[in-house]
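Please work through each task before reading its solution.

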Amino acid sequence: MTVTQSLTRHLKNPELFVDLASVPDRNVAAATKRFSVFNPSTGELLAELPDMDAGDVSKAIDKARSAQEQWGALTARERSDTLWRWHELILNHSEDFAAILTAEMGKPLAEAKSEIAHAAAYLQWYAEEANRIYGETISAPSNDRRMLVIKQPVGVVGAITPWNFPASMVARKISPALAAGCVVILKPAEQTPLVAGAMFALARMAGFPEGVLNLIYASEGDAVGRELCSNPNVRKISFTGSTEVGRLLMRQCSDQIKKISFELGGNAPFIVFDDADVDAAVEGAIQAKFRNAGQTCVSANRLYVQSNVHDEFAEKFTQRVCALRVGDGFDPNVAIGPLIDDRSLAKIEAHVRDAVIKGGTIRCGGNRIGKSGTFFEPTVITEVASTMRIAQEETFGPLAPIIRFDDADQVVREANDTVYGLAAYFYASNLKRVWRVAEALEYGMVGINTGRMSSEAAPFGGMKQSGIGREGSRHGLEAYLEMKYLCMGGL
Ligand code: SIN
């Protein structure tokens, strides 16, 4: 048994998930070394997994390569059917998936359930999209030739996923790749590999052929990433994580001009204009800031509120934030789980200290909870200046800085004054303003009068140093397809 009772006691069908260590191919996972996965809320040991190395990755790539031809040659309908079966299996066991997710990541069970539903929605979307891969015919400039474009799978894909959405990020990368006819090697985050393992266990039952889906468990990502980026048989890297790691992987991919899709860091502004519905803006800000304890790439990082509505917004928002309960994600009353690790806790503490020294006012929270563990009070700081770290860096935690502004044009300039360009939000009602601001914000995604916008039907991704490419929607499928131009002459 590789999964402990601390995890199985939460499961309805523990027999399905009790041996997650054996999910990677045994011939590949020769690793004798193991690493441990812990519950960040309780510190309990959840599982011991094989700690795979670059040699294991190389073997997995060979296996994937030999499976590519067969998988790519299936009809779209056959690939779609297998994705549908996987989708059904995950939905049938969604409660167990949510429990595994809460145990290894800490997010409240209700959020975990919503993430599993979102992950399943990607599988559904791409099971459908698999049947809608179209080429083109082009009117040729002369009658003796015909010109066409066909679409073909990119080939073997290396996917590296983060700890904050351990299920939906796996589904968002893998399902379009499979639909397009690609095969995949996945390295899930070392903190949260169990949901990915459980998804792969059910993928076997869904009938994916051997070698199509390959899982790499590893306690650190460097060697795995290097092998994926430098092995010529891997044709594409899809990565979600920090801009810093993205930059490193991009360098490693550059020797082979490998295709990449990167979803990286953000520094999302959330702007409340004076024509906004303030109550709706408060609710939107709670969603955009405190979902997943502020640990999302699209979390609102800087709240700009126009002077006329500043005090009302700050008052109502602070009241809502103070009422958010922090604790173990299995407690149904809890809205905020733990931070993922001590490093995250140290960063948020440093941001609070810096803000206070520079004149910020703590309206609520501001402290860690307890001497051990990684729980932090949901926090609101007002009188925030643009020189403070909280206004410049991604906090990735439950800390909301409120910045007062007067000039509507100036706030858009300030919102854009960052190297990041992932997500932005604003609340306003004047239609002219809505269009002007939506078009002026230099972000890949803009939420207008909403604090949440992720959807399998929409292109998710960023501008500037927030990434390259888009995931989700039909664009997410194109990312795994090569365009090939055929020119037939002598006709
Ligand atoms: C993220 O990539 O961090 C956010 C994902 C989501 O909003 O679903």
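**Exercise 1.** State how many aromatic pairs the structure holds, and classify the pair F17 and F97.

*Solution.* The structure holds 11 aromatic pairs. Rings of Phe, Tyr and Trp (its six-membered ring) pair if their centres lie within 6.5 Å; planes under 30 degrees apart count as stacked, over 60 as edge-to-face and the rest as tilted. For F17 and F97, the centres are 5.6 Å apart and the planes make 75°, so the pair is edge-to-face. This is a predicted model in which local features need pLDDT of at least 70 and side-chain atom pairs pLDDT 80 or more, while totals for chains, interfaces and linings use all residues. Residues are numbered from 1 along each chain as its sequence is written, and side-chain values use heavy atoms, with hydrogens and water left out.

**Exercise 2.** Determine whether F17 and F97 are buried or exposed.

*Solution.* Buried means under 20% relative accessible area, exposed over 50%, partly exposed in between (1.4 Å probe, protein chains only). F17, at 1% relative accessibility, counts as buried. F97, at 0%, likewise counts as buried.

**Exercise 3.** Classify the pair F290 and F317.

*Solution.* The centres are 6.2 Å apart and the planes make 40°, which gives a tilted pair. Both F290 and F317 are buried.

**Exercise 4.** Identify the residue that lies over the face of F460.

*Solution.* A charge sits over a ring if NZ of Lys or CZ of Arg is within 6 Å of the ring centre and within 35 degrees of the ring normal. Over the face of F460 lies R172, at 3.9 Å from the ring centre.
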